[in-house]
Amino acid sequence: MEELIEILEDLQPGVDYENVDDLVDGRYLDSLTILSLISEIEDAFDVEIPTVEIIPANFNSAAKIWELIERLQEED
Amino acid sequence: MSFFSPVFAFVFIPFVVIVYNLFPKKLRAAVLLAISLLFFAFVSRWLILYIILSIISIYLSGLGMQAIEKKKKEVLKTVEKDEKKAVKESYKKKKKFVLVMCIIFNVAFLFMFKYFNFFAVNVNLLLEYFKVGRSITIVKHLAPIGISFYTLEALSYVLDIYYGKIEADKNIIRLALYVAFFPQLLEGPIARYQDTAEALYEGKKVTFESFTFGYQKILYGFAKKLIIADRLNIIVKEVFEDFNSYNGISIFISIVAYTIMLYMEFSGTIDIVIGIGEMFGVKVPENFRQPFFAKNVSEFWTRWHISLGLWFKDYIFYPVSLSKTMKNLTGKAKKKLGNHYGPLVSGSVALLAVWLLNGLWHGAGWHYIFFGLYHFFMILMGNIWEPSVAKACEKMGIDRKKKGYRIFQSVKMSILVFIGELFFRAPSLAVAFAMLKRMFNAFSFRVGELFELGMDARDYVVLVFGLIGIFIMGILREKGIDVRENISKKKLVTRWLIYYALILLILIFGAYGQGYVPVDPIYADF
């Protein structure tokens, strides 16, 4: 989780990632930033995020993104 | 049939509701489908054949893909672990084949009706240039209504099945009603199967409450169109048709007027669609969310024509940027450009694809393609500049969250959007550039000039008050205050007083009758 927050901080600083729960809906992350984020996550956690998983519900908070990573790691 | 005609609002809608309610719940979906197809046939006659073919194609493809998926699961149970990958690949290929065939089939109709002539004209120009003594015959034909809207809905259905997001529908009536629901045929919004199909099929009775609640939204749509859009149309028509007779400020006003008119016409139509949906207990997705409050062009497109933006994001942007080729490109780019700019490379390729298609979706013409490229450029630049702007603001001690800065951002964004919409409205690229040039070269201003644009003092006063009203509603919605819910909770007398006031406002201040030309349904042509 800490590593994920570091990645997020690096891509889009100045957001309270512990508490914000509308990262996509609140426009903290736009499509291009999400693309960078996906690429970072795939490298750091050795998972592949399929297109169908790229929905606001999976990216609206750091916790949700973490849930997605864990789920994809298990499925692997 | 225009949604803004009295016949549609006061005869057709009540008639549909009465007929629909007369039937038992089980039959209502079929009745609504029959009405929708009749509506289609009334506008587009025999071209109804094409929407029926589209529906059949996605119905069969959906079932086909589902059958392949089922077979795959059965086979996977019987094979060894090391063979599983090959089995999965082979079934994936089969599924992809069905998907691609279905997409080609549907896009072919779209191409034939919308793009063939544009393609032919440009190929003929090339043939002429190279002095080849042949040419492609230009065929004049009308396109079925809403083909650009229903085709994207149809494609989203098969794509969602392919991606495993939804199950194929075995019930063709439910599927057909999702694609052909009459209010959505003219100008969308492009709903997803999950948004409306089930609720439409349920056949909920239209109650007095759902009818009046829906009608409230319809009246608001009428107000936007009749009080504001049709009034602004006077300026737009006047100046765009003869811009050389006007100087810079008038041209600027007409450009701003056009964007506001487009917003009022399009969002007003969507209000009507949503209102009709609410009568039948269906939540048609919202297509606008206070677009002019956006910080930048990229955000503007998440608030304007939302359903189209989401469609491109889900089915073009992410699939392209996350394809294998693009991922390899991202990997290489990251090594050279770092983590922020590396993924931007594949992102920009995908973004370019999105905006080229977005331009083309709006129409077959170079000015539409330019409109798309213009937005691609603005969004990309915004993204590239963002880190530098953030740093510069920090150095200068500017708080980007302060109201003053936010207003500055919205004004800057609006000006960029106004220019984009100029390319959209102008009959050709050359005219759009000529208008821009004249706007700067012949810049002068006299107060009296405002009254030479076809509107009188009363028109201006009504317009200003109308826009203030819409602006206040926008602020309330932005703050999460649901005005409509609040009104519906009021006592019966107060509620009806508000409805009557709105009807009176439209009747008194609507721009109809002598001297006014109503705006044609702009998006219905796309």
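This report walks through selected helices, contacts and loops of a predicted model.

## Ground rules

The model is predicted, so local features need pLDDT of at least 70 and side-chain atom pairs count only at pLDDT 80 or more, while totals for chains, interfaces and linings use all residues. Residues are numbered from 1 along each chain as its sequence is written, and chains are lettered from A and ligands numbered from 1 in the order in which they are written.

Helix H10 of chain B covers residues 248-279. Helices here are DSSP runs (H or I, at least four residues), numbered from the N terminus. At 1.5 Å a residue, the 32 residues of H10(B) should span 46 Å. The expected span is 1.5 Å times one less than the number of residues. The end C-alpha atoms are 47 Å apart, which agrees.

Of the 32 residues of H10(B), 28 are buried, so the helix is largely enclosed by the rest of the structure. Buried means 20 or more other C-beta atoms within 10 Å of a residue's own; exposed means 12 or fewer; partly exposed lies in between, with C-beta atoms placed from the backbone. Val256(B) sits in H10(B). It is partly exposed, with 19 other C-beta atoms within 10 Å. Gly281(B) follows H10(B) and has a positive phi, near 75°.

## H6 and H8 of chain B

Helix H6(B) (residues 172-180) and helix H8(B) (residues 193-202) have axes that come within 9 Å and cross at roughly 120°. Axes are lines fitted to C-alpha atoms, for helices over the stretch in contact, and angles run from 0 to 180 degrees between N-to-C directions. H6(B) and H8(B) are therefore oblique to each other. Angles under 35 degrees count as roughly parallel, over 145 as roughly antiparallel, 65 to 115 as roughly perpendicular and the rest as oblique.

Arg174(B), Leu175(B), Leu177(B) and Tyr178(B) in H6(B) meet residues of H8(B), including Tyr193(B) and Leu200(B). Contact means C-beta atoms, placed from the backbone, within 7 Å. By class, this contact of H6(B) with H8(B) has seven nonpolar, one polar and one charged residues. Ala, Val, Leu, Ile, Met, Phe, Trp, Tyr, Cys and Pro count as nonpolar, Asp, Glu, Lys and Arg as charged, and the others, Gly among them, as polar. The buried residues of H6(B) include Ala176(B) and Val179(B). Their cover includes H2, H3, H5, H7 and H8 of chain B.

## H1 and H4 of chain A

In chain A, helix H1 (residues 2-11) packs with helix H4 (residues 62-75) at about 125°, with axes 10 Å apart. H1(A) and H4(A) are therefore oblique to each other. Leu4(A), Ile5(A) and Leu8(A) meet Ala62(A), Ile65(A) and Trp66(A).

## Where the chains meet

Chain B brings 19 residues into contact with 14 residues of chain A. H11, H12 and H13 of chain B each supply at least two residues of this side. H13(B) gives the largest share, seven residues. The chain B side has seven nonpolar, eight polar and four charged residues.

The peptide bond from Gly188(B) to Pro189(B) is cis, with omega near 0°. Pro189(B) lies in the loop between H7 and H8 of chain B.

Gln290(B) has a positive phi, near 40°. His305(B) also has a positive phi, near 45°. Gln290(B) is partly exposed, with 16 C-beta neighbours inside 10 Å, whereas His305(B) is buried, with 24.

Note on methods:
Contact = placed C-beta atoms within 7 Å.
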